[in-house]
Amino acid sequence: LLTLAIIFASIGVCLVFAFFLYIVISTGKFDPNALATQDKTIIYDSKGTVIANLGMERRESIKYEDLPQVLIDAIIATEDSRFFQHNGVDAPRFLKASLGQMAGHSYAGGASTLTMQVVKNNLTETKQTITRKFKDIYLSVFFMEKKYTKEEILEFYVNAPYLGGSSYGVEMACQTYFGKSGKVSND
């Protein structure tokens, strides 16, 4: 009986190892260029007046230090409350969501951290699969969190998404919907 248990445990360890090896091999090379966003091109006349905005996407990037603290707090509170404490994956939240999903509770969530969301939106596909989730974890822990600061990751997060009204990123969305910059004013 003990021999049988050891055999099954060995097979289980080999399968887990094979799965993680598959994730590493199939993920491909980390491409930091895929994280880059293209801001709109602004053309000015000789007096400094804007005469044209060019580009496929209406986007104006915003730096972390220019983000209002209330926006940072709101994103962290709603998306990833332990963002500044974890290394790209929130293990307790991931375990809780995984157990909830296995129990059939669709409201258990996907447990994606902000880092994992940046990876999903820029480096892997958005189709929800178990292998994609582990690819997100792999890229988040071993590449994103090693190469970029938390502040840079948050910049990727706020500057990339389409937010309606032909606006990409929070800065352009603020200009579109509220008619003013989302940047913290130094007044």
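1. Basis. This is a predicted model, in which local features need pLDDT of at least 70, side-chain atom pairs count only at pLDDT 80 or more, and totals for chains, interfaces and linings use all residues. Residues are numbered from 1 along each chain as its sequence is written, and side-chain values use heavy atoms, with hydrogens and water left out.

2. Confidence. The chain has a mean pLDDT of 87, and 93% of its residues reach 70 or more; pLDDT is the predictor's confidence in each residue, from 0 to 100. Helices (H or I, at least four residues) and strands (E, at least two) are DSSP runs, numbered from the N terminus.

3. Helix H6. This helix spans residues 150-159, and eight of its ten residues are buried. Buried means under 20% relative accessible area, exposed over 50%, and partly exposed in between, with a 1.4 Å probe and protein chains only. The buried residues of H6 are Lys150, Ile153, Leu154, Glu155, Phe156, Tyr157, Val158 and Asn159. Their cover includes helices H2 (69-79), H4 (114-122), H5 (130-147) and H7 (169-178), together with strands E3 (58-59) and E4 (167-168). Contact here means heavy atoms within 4.5 Å.

4. Lysine 150. The term requires a side-chain nitrogen of Lys or Arg within 4 Å of a carboxyl oxygen of Asp or Glu. Lysine 150 is buried at 12% relative accessible area, and glutamate 145 is buried at 18%. The charged end of lysine 150 also sits over the ring of phenylalanine 83, 4.6 Å from its centre. For that label, NZ of Lys or CZ of Arg must be within 6 Å of the ring centre and within 35 degrees of the ring normal.

5. Other salt bridges. The whole structure has five salt bridges. One of them joins the side chains of arginine 93 and aspartate 80, at 3.8 Å from N to O. This pair links distant parts of the chain: arginine 93 lies in helix H3 (residues 91-102) and aspartate 80 in the loop between H2 and H3, 13 residues apart. Aspartate 80 is buried, with a relative accessible area of 0%, whereas arginine 93 is partly exposed at 26%. Arginine 82 forms a salt bridge with aspartate 90, and their closest N and O atoms are 3.0 Å apart. Here arginine 82 is partly exposed at 36% relative accessibility, while aspartate 90 is buried at 3%.

6. Aromatic pairs. The search of the whole structure gives ten aromatic pairs. In phenylalanine 19 and phenylalanine 20 the ring centres are 5.7 Å apart and the planes stand at 65 degrees, so the pair is edge-to-face. Rings of Phe, Tyr and Trp (its six-membered ring) pair if their centres lie within 6.5 Å; planes under 30 degrees apart count as stacked, over 60 as edge-to-face and the rest as tilted. Phenylalanine 19 is partly exposed at 26% relative accessibility, and phenylalanine 20 is partly exposed at 40%. Tyrosine 138 and phenylalanine 143 are also edge-to-face, because their ring centres lie 5.6 Å apart with the planes at 80 degrees. Tyrosine 138 is buried at 16%, and phenylalanine 143 is partly exposed at 25%.

7. Aromatic cluster. Phe19 and Phe20 belong to one aromatic cluster with Phe94 and Phe134.
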